[in-house]
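Keep the sequence and the model open while reading.

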Amino acid sequence: MDNKEIKELLKKSYPLPDSKRREKFLRSIEKPKMPLWDIILNQLKYINIRVWIFWLIIIALGMLAAYADGAKTHPAVWSFCALIPFLAMISICEIRKSERHGMQEIEKATRFSTASVILARMLVLGAAAAVLFLALLPAVILKAGFGLVKAMVYIILPYCLSAYLNLLVSRKFRNGGIKFNFAVSAAVSVLSILVEAAPGPVESSAGRIFVPAFIVIICALIVGECKKYLILSEAKLCC
């Protein structure tokens, strides 16, 4: 007797109940829901306090650089902006700390999905980056006398480029620790110095078009990498 015959016998011995009202019954079951906002507030307290301290230090240093006296303003802002890529690195490492510490299975067993936890951390730290930009851009433009495009090159571009490369490295080299993240952040920091030393003002007509467009492209790439990372995080636990 093969498996097919056994299955037929079981169907005859234990007939299935009428399922006409099955769909109606399933729809009537109340499903517990938690808004994304509640998940964000829940994850906010789990972000390491050292991350917030580093953020506050960066904002304080940026303000001091913007308010530096006279000829010291430009070098001070330039030196401060070399630290911004490492701020993005710390944020990305905080987002993937569950993976680094082998806690994905535990998170999977909680009421939150792994994707929702990671997404909540992304949104929290993304909001922190927005606060950083809103705090420093006016100070650098109004007090340090920088143009908008130059301020974007100094503050927004290093962070966005470092964030994208760190997300890419985290997805490609999941078992590589943070050494790859540090390497790409250091490379972006050096690149920002080279951009400053390179000839050709960013405030030119071409720069006013190229710089914002380049930042928009990088932001789109960041969103794409975030989606890929979320999908990969869920797929890894399902395997």
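Predicted model: local features only at pLDDT ≥ 70, side-chain atom pairs only at ≥ 80, totals over all residues.

Which backbone oxygen lies 2.7 Å from a polar atom of the side chain of Ser162? That of Pro85.

Residues are numbered from 1 along each chain as its sequence is written, and side-chain values use heavy atoms, with hydrogens and water left out.

Ser162 is located in helix H10. Its relative accessibility is 0%, so Ser162 counts as buried; buried means under 20% relative accessible area, exposed over 50%, and partly exposed in between (1.4 Å probe, protein chains only). Leaving aside residues up to four places away in sequence, Ser162 touches Pro85, Ala88, Met89, Ser185 and Val188, a contact being heavy atoms within 4.5 Å.

The chain as a whole has twelve helices and zero strands. Helices (H or I, at least four residues) and strands (E, at least two) are DSSP runs, numbered from the N terminus. Among contacts between residues at least 6 apart in sequence, 79% join residues at least 24 apart. Of the 239 residues, 39% count as buried.

What lies inside? In soluble globular proteins, nonpolar side chains tend to be buried together. The largest nonpolar core here has 54 residues, and Trp55, Leu132, Phe133, Ile155, Tyr159 and Ile222 touch the most other members. Such a core is a set of buried Ala, Val, Leu, Ile, Met, Phe, Trp, Tyr and Cys residues joined through side-chain atoms within 4.5 Å. Helices that each supply at least two residues of this core include H4 (49–66), H9, H10 and H12 (205–238).

Several of these residues also meet as aromatic rings. Rings of Phe, Tyr and Trp (its six-membered ring) pair if their centres lie within 6.5 Å; planes under 30 degrees apart count as stacked, over 60 as edge-to-face and the rest as tilted. By this rule the count is four aromatic pairs. In one of them, Phe86 and Phe182 are tilted, at 5.6 Å centre to centre and 40 degrees between the planes. This pair links distant parts of the chain, with Phe86 in helix H6 (residues 84–95) and Phe182 in helix H11 (residues 179–197), 96 residues apart. Phe86 is buried at 18% relative accessibility, whereas Phe182 is partly exposed at 48%.

Another pair is edge-to-face because the rings of Phe133 and Tyr159 have their centres 5.7 Å apart and their planes at 85 degrees. Phe133 lies in helix H9 (residues 114–142) and Tyr159 in helix H10 (residues 148–172), so the pair ties together parts that are 26 residues apart in sequence. Phe133 is buried, at 14%, and Tyr159 is buried, at 9%. Together with Trp55, these two form one aromatic cluster.

The cysteines remain. With a disulfide taken as a pair of cysteine sulfur atoms within 2.5 Å, the count is zero disulfides. Cys219 is in none; the nearest cysteine sulfur, that of Cys160, is 4.0 Å away. Cys219 is partly exposed at 31% relative accessibility, while Cys81 is buried at 3%.

Definitions and conventions: Polar contact = N/O pair within 3.5 Å; in protein donor to acceptor, adjacent residues only side chain to side chain.
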